[in-house]
Amino acid sequence: MESRPRLAHCLHLLETAQNVEGLRTTVSQIRDVYGFAHLVFHVVGLASTSSEPPLLLLTYPEEWIACYFRENYFDVDPVVELIRPLTD
């Protein structure tokens, strides 16, 4: 699948997800489309006034997710560092 059609396909999957469980399935599908080992879908806030908690969907094993949070890797994750200025 070429890059543009692949992106369009993945955006369509995201747009048609009906709920969080649908998004969880979509994240796994997108991971597979691109051939990634794992994928994280993180929505920090839907609006600046939103009281909703962040949405975090991951395809990593539960053991790794628990370790990530237990060891506070969030504080030193270079990907998180890249988006931090956008969320301040």
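User: Before anything else, what does "buried" mean here?
Analyst: Buried means under 20% relative accessible area, while exposed means over 50% and partly exposed is in between. The model is predicted.

User: Is Tyr68 buried or exposed, then, and why?
Analyst: Tyr68 has 15% relative accessibility, so it counts as buried.

User: Which residue does the ring of Tyr68 pair with at 6.0 Å?
Analyst: That is Tyr73: the two ring centres are 6.0 Å apart and the planes stand at 75°, so Tyr68 and Tyr73 make an edge-to-face pair. Tyr73 counts as partly exposed because its relative accessibility is 31%.

User: How many aromatic pairs are there?
Analyst: The count is 5 aromatic pairs. One of them joins Trp64 and Tyr68, again edge-to-face, with 6.2 Å from centre to centre and 65° between the planes.

User: Trp64: buried, exposed or partly exposed?
Analyst: Partly exposed, because Trp64 comes out at 37% relative accessibility.

User: Which residues make up the aromatic cluster?
Analyst: Trp64, Tyr68, Phe69 and Tyr73 form one cluster.

User: Which residues are in the nonpolar patch on the surface?
Analyst: The patch consists of Val40, Leu56, Tyr60, Trp64, Phe69, Tyr73 and Val76. Together they have about 610 Å² of accessible area.

User: Where is Val76?
Analyst: Val76 lies in the loop between H3 and helix H4, the latter being residues 78-87. Its relative accessibility is 62%, so Val76 counts as exposed.

User: Changing topic. Which helix holds Arg31?
Analyst: Arg31 is in helix H2, residues 20-34.

User: Buried or exposed?
Analyst: Arg31 counts as buried, because its relative accessibility is 18%.

User: What does the side chain of Arg31 join in a polar contact?
Analyst: The side chain of Asp32, through a polar contact of 3.0 Å.

User: And which residues does Arg31 contact, leaving aside neighbours within four places in sequence?
Analyst: Arg31 is in contact with Phe36, Ala37, His38, Leu39 and Thr59 once those neighbours are set aside.

Notes: Residues numbered from 1 in each chain as written. Predicted model: local features only at pLDDT ≥ 70, side-chain atom pairs only at ≥ 80, totals over all residues. Heavy atoms only, no water. Phe/Tyr/Trp six-rings, centres within 6.5 Å; stacked < 30°, edge-to-face > 60°. Buried < 20%, exposed > 50% of the residue type's maximum accessible area, 1.4 Å probe, protein only. Patch = residues over 30% accessible without salt bridge, like charges linked within 9 Å, V, L, I, M, F, W, Y side chains within 5 Å. Areas by Shrake-Rupley, 256 points an atom, 1.4 Å probe, with all protein chains shown as cover. Salt bridge = Lys/Arg side-chain N within 4 Å of Asp/Glu carboxyl O. Helix = DSSP H or I, 4+ residues; strand = E, 2+ residues; numbered from the N terminus. Polar contact = N/O pair within 3.5 Å; in protein donor to acceptor, adjacent residues only side chain to side chain. Contact = heavy atoms within 4.5 Å.
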